[in-house]
Amino acid sequence: MAEARPAPPSSAPIVVTGGRLAAPSKAAATPVTVADEAEAGASEIIVTTARKSRARKAARRGDWNACTVRDPEQSLRGCKRLVDPGAKGDAGVAAARVADGLTRAWQGDWEGAIGALDQAIAVRPELAFAYLNRGLAHSQEGDLARAEADLDLAVRYAPHAARSYYNRGLIRRMRGDERGADADMARARELDSRYEALGD
């Protein structure tokens with residue numbers, strides 16, 4: 001590897017721009033050394049950072065599937081905000097049941113997943129995230145009526161969650177309710193423009 005040559009003396013500032021890495025890598029462990037400003041001939045060193053937009057990260061992961069029974073990564077790592085079994089009281093108990101439900105679903109145990117989500121709902125009856133996942137589990141089992149009923153509750157308890165509308169729209173379309181499906185898809189796009197890319 002060639003050694004870096006010192007820059008010619010200049011009065012212009014040195015600008016160092018960096019970004020946040022998604023996961024640790026060998027590059028992250030490489031130290032960065034900035035020469036003494038007198039040695040570089042600069043009167044000012046500016047360091048900036050750039051953060052990838054949340055929308056881009058979510059789009060990569062699939063916001064409509066992340067932290068659900070349909071999560072392609074099948075991992076609770078990125079779900080701490082939604083599933084925190086370490087939380088105090090009923091919130092922690094319900095989160096532990098949701099985590100169990102997600103894990104069972106990822107293993108193909110849909111009946112066990114629904115049972116665990118039933119328990120989460122028994123502890124916290126207004127937990128929209130549990131209804132969303134139970135609805136998705138019912139749809140996997142082919143019970144579209146129950147799936148839609150659960151997604152109705154997910155929408156009721158979290159009226160600003162775009163993915164509940166989106167998923168209910170999918171279920172409504174499968175059940176032949178085109179008008180309801182179109183309304184849900186439009187509402188999902190209104191709440192979160194990333195749903196434009198998914199179409200209907």
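Analyst: A contact here means heavy atoms within 4.5 Å of each other. The model is predicted.

User: Among the contacts with a separation of 6 or more, what share comes from residues 24 or more positions apart?

Analyst: Residues 24 or more positions apart account for 56% of those contacts.

User: Which elements does the chain have, and in what order do they run?

Analyst: The chain has 9 helices and 2 strands. From the N terminus on, the order is β-α-α-β-α-α-α-α-α-α-α. Of the 200 residues in the chain, 34% are buried.

User: What makes Asp84 and Lys80 a salt bridge?

Analyst: The cut-off is a side-chain nitrogen of Lys or Arg within 4 Å of a carboxyl oxygen of Asp or Glu. The closest N and O atoms of Lys80 and Asp84 are 3.2 Å apart, so the pair meets the cut-off. By this rule the chain has 17 salt bridges. In general, side chains of opposite charge can pair when their charged atoms come close.

User: What makes Asp152 and Arg172 a salt bridge, and where do the two residues lie?

Analyst: The N to O distance of Asp152 and Arg172 is 3.8 Å, so this pair also falls within 4 Å. The pair links distant parts of the chain: Asp152 is in helix α7 and Arg172 in helix α8 (residues 162-174), 20 residues apart.

User: Are Asp152 and Arg172 buried or exposed, or in between?

Analyst: Asp152 has 31% relative accessibility, so Asp152 counts as partly exposed. Buried means under 20%, and Arg172 has 15%, so Arg172 counts as buried.

User: Which residues are linked in a network of salt bridges with Asp152 and Arg172?

Analyst: The network also holds Glu148, Arg168, Arg175 and Asp184. Arg168 is found in helix α8.

User: Why is Arg168 called buried, and what is Arg168 in contact with?

Analyst: Arg168 has 10% relative accessibility, which is under 20%, so Arg168 counts as buried. Leaving aside neighbours within four places in sequence, Arg168 is in contact with Glu148, Leu151, Asp152, Val155 and Asp184.

User: How do you know that the span of α6 agrees with what it should be?

Analyst: At 1.5 Å a residue, the 13 residues of α6 should span 18 Å. The end C-alpha atoms of α6 are 18 Å apart, so the two values agree.

User: What makes α6 mostly covered?

Analyst: In α6, 12 of the 13 residues are buried. Among them are Phe129, Tyr131, Arg134 and His138.

User: What do the buried residues of α6 pack against, and what comes just after α6?

Analyst: The buried residues of α6 pack against α4 (89-106), α5 (110-123), α7 and α8. Just after α6, Gly142 takes a positive phi of about 90°.

Conventions: Residues numbered from 1 in each chain as written. Predicted model: local features only at pLDDT ≥ 70, side-chain atom pairs only at ≥ 80, totals over all residues. Heavy atoms only, no water. Helix = DSSP H or I, 4+ residues; strand = E, 2+ residues; numbered from the N terminus. Buried < 20%, exposed > 50% of the residue type's maximum accessible area, 1.4 Å probe, protein only. Expected span 1.5 Å × (residues − 1).
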